[in-house]
Amino acid sequence: MDSTVLIRVNLDIKEKPIAKSLRFNAAAAELRKISKTNNKVVILSHRGRPDGFEKSLSLKPFTPPLSKAIGRKVVFLDNADLKKAAENIKKAAKGSVFLLENVRFLDGETKNSSALGRELAKLGTEFISDDFATSHRADTSLSAITKFLPSKPGNLLKEEIKNLSLAFKKSKSPFVLLIGGAKAKDKVGVIRNLIRKVDLVLVGGAAANTFLKARGMDIKDSLYEPEMLDTAKQLLKNKKLAVPTDFTWEEDKILDIGPQTAKLYSFYLRSAKLIVWNGPMGMFEKKRFACGTNAIVKAIFSNRKASAVIGGGETVSALGLKNQVQHPKPNIFLSTGGGAMLDFLAGEKMAGLEPVLKQLKKK
Ligand code: ADP
Ligand code: MG
């Protein structure tokens, strides 16, 4: 058989148009490179959390934008009959690029099924794992598949690991960790894992509310997580942790950090040498609650001396970039991972990453 590269990328994109999104641009960059060598390429990816076939989660509409971005005609392949798909790939000319339908339509994809892994492996002669944003999960097309094909990590995966690992290296000081967004629960693992390495943890967004409540502030009707109060109390004992001191309210709800807090956080960010950021400072989707987040974006983008690693779907969209790319500035790295970024920074086991990294070590 000719060499056929099966590559797992992330096309789980909600933004429109998809061609401006970070995940799309990151995947396209890698696919352009790989298809240049004239190998056949088969793209594996997923969208959403379907239970069997769901038309609204088909990858088919992604075929034209992918063709355009890669600069080659991409042929869409249904996956209801994988044997037939394999035959079509075999018959195709060198240099053909295929997009396989949403792998999560297949029974077993999210169960790390060996049977499905073996079937998928028959579509190619080698496997590249390049879906960082799903790499915290042991899905078949990231994990089990590596048992049946020579496998290696792709360039995006390596870039993500390299940049996110800056957080573990304590080589750059001051190191400021900025945490916001919807839920403290999703983020405390990162704070816990990094607090010894950082100089400061700045907390904002709805995630800060639980900390404020734990400190005894009357947050009225603001969102908070009662089950996280004890954890918040523990973390607050550490003097590196800062919470907002003023707020923008709507009725009885805190919806943004206030101007004093924005100013203070910006000051710290301007003098930082390493910044890791996940989670907006307020409900930035509404203009009147975007001031805090916008101030932070400005501070980070104007600090050319700091390496900044920024991730999370809403966080990246809050940057307001017309075209989301991995390096909007040379010193800034945007991670395609939401949950995967948080798990990686929290030091959690990365079930979709380990198999391919293990294969690499064997060689
Ligand atoms: P990311 O997707 O970047 O990881 P999250 O999903 O954790 O970020 O949180 C983003 C969401 O949090 C945004 O939709 C934003 O509106 C919301 N948010 C931030 N601060 C507040 C707040 N104070 N009250 C309500 N929602 C908030
Ligand atoms: Mg989110």
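Visitor: Let's start at the ligand: how far does a polar side-chain atom of Asn278 lie from an oxygen atom of ligand 1?
Guide: Ground rules first: this is a predicted model in which local features need pLDDT of at least 70 and side-chain atom pairs count only at pLDDT 80 or more, while totals for chains, interfaces and linings use all residues, and side-chain values use heavy atoms, with hydrogens and water left out. Residues are numbered from 1 along each chain as its sequence is written, with chains lettered from A and ligands numbered from 1 in the order in which they are written. For the polar side-chain atom of Asn278, the distance to an oxygen atom of ligand 1 is 3.5 Å.

Visitor: Which residues come nearest to ligand 1?
Guide: There are 17 residues around ligand 1, a residue being near if one of its heavy atoms lies within 4 Å. Lys187 puts a polar side-chain atom 2.7 Å from a ligand oxygen, and Thr315 has one at 2.4 Å from an oxygen of ligand 1. The nearest ones are Ala182, Lys187, Glu285, Glu314 and Thr315.

Visitor: How far apart are the C-alpha centres of domain 1 and domain 2?
Guide: Domain 1 covers 4-158 + 351-362 and domain 2 covers 165-330, with bounds from an automatic or database domain assignment. Between their C-alpha centres the separation is 34 Å.

Visitor: How much area do domain 1 and domain 2 bury between them?
Guide: The contact involves 8 residues of domain 1 and 6 residues of domain 2, counting heavy atoms within 4.5 Å. Buried area is the accessible area (1.4 Å probe) that two parts lose on being put together, summed over both. Carbon and sulfur atoms carry 47% of it, and the total is about 570 Å².

Visitor: Which residues of domain 1 lose the most area to domain 2?
Guide: Three residues together make up 72% of what that side buries. They are Lys20, Leu22 and Asn25.

Visitor: How many residue pairs are in polar contact across the interface of domain 1 and domain 2?
Guide: The salt-bridge count between the domains is 0, a salt bridge being a side-chain nitrogen of Lys or Arg within 4 Å of a carboxyl oxygen of Asp or Glu. A polar contact is a pair of N or O atoms within 3.5 Å; within protein, one must be able to donate a hydrogen and the other to accept it, and residues adjacent in sequence count only if both atoms are side-chain atoms. By that rule, with both residues at pLDDT 80 or more, the number of pairs is 4.

Visitor: How many residues apart are Glu109 and Arg8, which form a salt bridge?
Guide: The structure holds 9 salt bridges, and in this one the closest N and O atoms are 3.7 Å apart. Arg8 belongs to strand β1 (residues 4-8), while Glu109 sits in the loop between β4 (97-100) and α4 (114-121); helices (H or I, at least four residues) and strands (E, at least two) are DSSP runs, numbered from the N terminus. The pair links distant parts of the chain, and the gap in residues is 101.

Visitor: What is omega for the cis peptide bond from Lys16 to Pro17?
Guide: Pro17 lies in the loop between β1 and α1. Its bond from Lys16 is cis, with omega near -5 degrees.
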